[in-house]
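Colleague: I would like to learn how to read side-chain pairs and helix packing in a model. Please take one feature at a time.

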Amino acid sequence: METPESAAEQFETYRPPLLGLAYRLLGSMWDAEDVVQDACLRWTGTDQAGIRELRVHLITVVTRLALDRLRSARAAREAYTGPWLPEPVATDRLGPLDTAELRDTIAYATVHLMERLSPPERAVFVLREAFEVSYGELARILDTTETSCRQMHLRTARRLAAGRHRFTLSEDDHAKLLTRFLEAVQNGDMAALIELLADDVVAWNDGGGKVRAVLWPVEGRHQVIPFVASLVTRYPLGTPRRVDVNGRPAAALAVDGVEQVVTIDVRDGRIGGIYAVLNPDKLGHVPG
């Protein structure tokens, strides 16, 4: 049996990907850190002699703990003041991102879309897409059948397909598009905004009842442009600074003195989603 010290050291090699897994399942790094720490305590108190594959074992423990927490969090999120958005997190805190699937499933828009899924659907999607867990292992983790897991994966992939777009822009081009959008907002350049925004763009604002924010999504270019125009007319905007969150460039800025992080989703070269997180409780993992 491993000593507590060596078991803890062994766990630390897996902590970054496990944090990335838990965040994908929960949309909150605060909750993800708690889940992974709980898994660490369980691991160091476990007789490791009978465990054959450490990676699979730890993924199983973290997934089950995260799903328990996600189920209990769903009621609170439904009662949340205004739209509930995921917590933006510094890219370097989210574990390895060395495959397209790992990057795609950590993208802010994708994490937001996954709120539409049930906890088991979310687990199947994340574990299959990002961590290449077999259907057999998925069935064991979720205490169901391989057939059920295959059906869930197919169903969730279809449900998310319309809203998911793999990044087609380079990081620099993504950052330039975000900068052009913010400059157009600050300058009141309506022509530029018409060019930049997709017809069906949606703007989301998460103040969580802690700060003033729109309590519903603003949908469609014809609504979003007047919304941002009135915002810049009524309130002073601070100078944006680039931050890297969820694998992509974002902007941190103050609007009327209220700090927020703004991220965008891009499809077909235009902005299809604008996400502004103002809730101060959700800004603790943004790069300083």
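Modeller: A salt bridge is a side-chain nitrogen of Lys or Arg within 4 Å of a carboxyl oxygen of Asp or Glu. The model is predicted, so local features need pLDDT of at least 70 and side-chain atom pairs count only at pLDDT 80 or more, while totals for chains, interfaces and linings use all residues. Residues are numbered from 1 along each chain as its sequence is written, and side-chain values use heavy atoms, with hydrogens and water left out.

Colleague: How many salt bridges does the structure hold?

Modeller: Side chains of opposite charge can pair when their charged atoms come close. The structure holds 19 salt bridges. One of them joins glutamate 115 to arginine 77, with the closest N and O atoms 2.8 Å apart. This pair links distant parts of the chain, 38 residues apart: glutamate 115 is in the loop between α6 (108–113) and α7 (119–129), and arginine 77 is in helix α4 (residues 54–78). Helices (H or I, at least four residues) and strands (E, at least two) are DSSP runs, numbered from the N terminus.

Colleague: Is arginine 77 buried or exposed?

Modeller: Buried means under 20% relative accessible area, exposed over 50%, and partly exposed in between (1.4 Å probe, protein chains only). Arginine 77 has a relative accessible area of 12%, so this residue is buried. Glutamate 115, at 22%, is partly exposed.

Colleague: Which residue does arginine 242 meet in a salt bridge?

Modeller: Arginine 242 pairs with glutamate 171 at 2.7 Å, N to O. Here too the pair links distant parts of the chain: arginine 242 is in strand β3 (residues 241–245) and glutamate 171 in helix α10 (residues 171–187), 71 residues apart. Arginine 242 is partly exposed at 41% relative accessible area, and glutamate 171 is partly exposed at 35%.

A further salt bridge is formed by the side chains of arginine 180 and glutamate 195 (3.4 Å, N to O). Arginine 180 is in helix α10 and glutamate 195 in helix α11 (residues 190–196), so the pair ties together parts that are 15 residues apart in sequence. There is also a network of salt bridges linking Asp31, Asp34 and Arg69.

Colleague: At what angle do α4 and α7 pack?

Modeller: Two packed helices are described by the angle between their axes and the distance between the axes. Axes are lines fitted to C-alpha atoms, for helices over the stretch in contact, and angles run from 0 to 180 degrees between N-to-C directions. α4 and α7 pack at about 140°, their axes 10 Å apart. That makes α4 oblique to α7, given that angles under 35 degrees count as roughly parallel, over 145 as roughly antiparallel, 65 to 115 as roughly perpendicular and the rest as oblique.

Colleague: Which residues of α8 and α9 meet?

Modeller: Contact means heavy atoms within 4.5 Å. Tyr135, Gly136, Leu138, Ala139 and Leu142 in α8 meet Glu146, Cys149, Arg150, Met152 and His153 in α9. The axes of helix α8 (residues 135–142) and helix α9 (residues 146–161) come within 8 Å and cross at roughly 100°; the two helices are therefore roughly perpendicular to each other.

Colleague: Where does proline 236 lie?

Modeller: Proline 236 is in the loop between α12 (221–234) and β3, and counts as exposed at 54% relative accessibility. Not counting residues up to four places away in sequence, proline 236 touches Ala254, Val255 and Asp256.
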